[in-house]
Amino acid sequence: MMHRIAVRNSQAQIPTIAKLFAALALGATGFFAAQQIMPAIPAGTDGAKELWLIMGSFGLLFGWRVVGVSAGRRWVDAINDGLRGGLYVLLWTFAFLGVMQMLKLALRMRYDDVLSAVTDVIGQGTAIGLASLGVAPVITLGLGAMGAGVLSELAHRRYGR
């Protein structure tokens with residue numbers, strides 16, 4: 001009787017110095033971008049005071065899982081991976097804030113049914129995002145994300161896997 005052996009690519013789970021550098025750089029980028037976004041968030045938004053923690057945490061997560069995973073390629077690819085990670089940080093942050101707003105409104109019985117509450121998550125996140133994004137936070141997030149990609153590539157080339 002033969003046993004099946006499943007072989008999978010487990011490189012994504014291996015901690016590397018490139019992932020660490022990308023996570024720290026994108027986490028710091030999220031922290032500094034949040035400092036610029038916080039004054040522009042509409043009053044009464046749940047999670048506005050903890051935005052630095054939310055964006056920093058998403059920066060750590062996506063720096064590790066998105067930016068640092070594909071180190072070892074061209075510089076342009078590293079910059080693109082950094083920008084993709086920065087975009088993920090921004091989108092997931094506003095989705096998270098949208099969910100928090102929806103839960104706050106749902107506890108106040110503002111929705112008629114579950115479907116309207118779930119679809120309002122997109123509306124709440126979009127409204128918060130449009131109201132709070134300016135030129136300075138976008139530039140900070142973009143340059144920091146590109147720097148995270150380059151830093152991850154530098155760490156990979158200098159220290160290897």
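## Basis of the values

The model is predicted, and local features need pLDDT of at least 70, side-chain atom pairs count only at pLDDT 80 or more, and totals for chains, interfaces and linings use all residues. Residues are numbered from 1 along each chain as its sequence is written, and side-chain values use heavy atoms, with hydrogens and water left out.

## Helix α5

Helices are DSSP runs (H or I, at least four residues), numbered from the N terminus. Helix α5 covers residues 135–159, and its 25 residues should span 36 Å at 1.5 Å a residue; the end C-alpha atoms are 35 Å apart, which agrees. The expected span is 1.5 Å times one less than the number of residues. After α5 comes Gly160, with a positive phi near 75°.

Burial is assigned from relative accessible area (buried under 20%, exposed over 50%, partly exposed in between; 1.4 Å probe, protein chains only). The buried residues of α5 include Pro137, Leu141, Gly142, Gly144, Ala145, Ala148 and Gly149. Also buried in this helix are Ser152, Glu153, Ala155 and His156. Their cover, by contact (heavy atoms within 4.5 Å), includes α1 (17–37), α2 (51–67) and α3 (75–107).

Phe31, Phe32, Trp52 and Leu53 make a nonpolar surface patch of about 390 Å². The elements that give two or more residues to this patch are α1 and α2. Patches are made of residues with over 30% relative accessible area and no salt bridge; like charges are joined within 9 Å, and nonpolar side chains (Val, Leu, Ile, Met, Phe, Trp, Tyr) within 5 Å. Accessible areas come from the Shrake-Rupley method with a 1.4 Å probe, and for residues only the protein chains shown count as cover. Phe31 has a relative accessible area of 31% and is partly exposed. Phe32, which is found in helix α1, is partly exposed at 48%.

## Aromatic pairs

The whole structure contains eight aromatic pairs. Rings of Phe, Tyr and Trp (its six-membered ring) pair if their centres lie within 6.5 Å; planes under 30 degrees apart count as stacked, over 60 as edge-to-face and the rest as tilted. The rings of Phe31 and Phe32 have centres 5.2 Å apart and planes at 75°, so this pair is edge-to-face. Ring pairs also join Phe58, Phe62, Tyr88, Trp92 and Phe96 into a cluster.

## Salt bridges

There are five salt bridges in the structure, each defined by a side-chain nitrogen of Lys or Arg within 4 Å of a carboxyl oxygen of Asp or Glu. Arg73, Asp81 and Arg84 form a network of them. Asp81 meets Arg73 at 2.7 Å, N to O, and Arg84 at 3.3 Å, N to O. Asp81 and Arg84 both lie in helix α3, three residues apart, about one turn of the helix. Asp81 is buried, with a relative accessible area of 7%, whereas Arg73 is partly exposed at 39% and Arg84 is partly exposed at 36%.

In α5, Glu153 and Arg157 are four residues apart and therefore separated by about one helical turn. Their salt bridge has its closest N and O atoms 2.8 Å apart. Glu153 counts as buried because its relative accessibility is 1%, while Arg157 is partly exposed at 46%.
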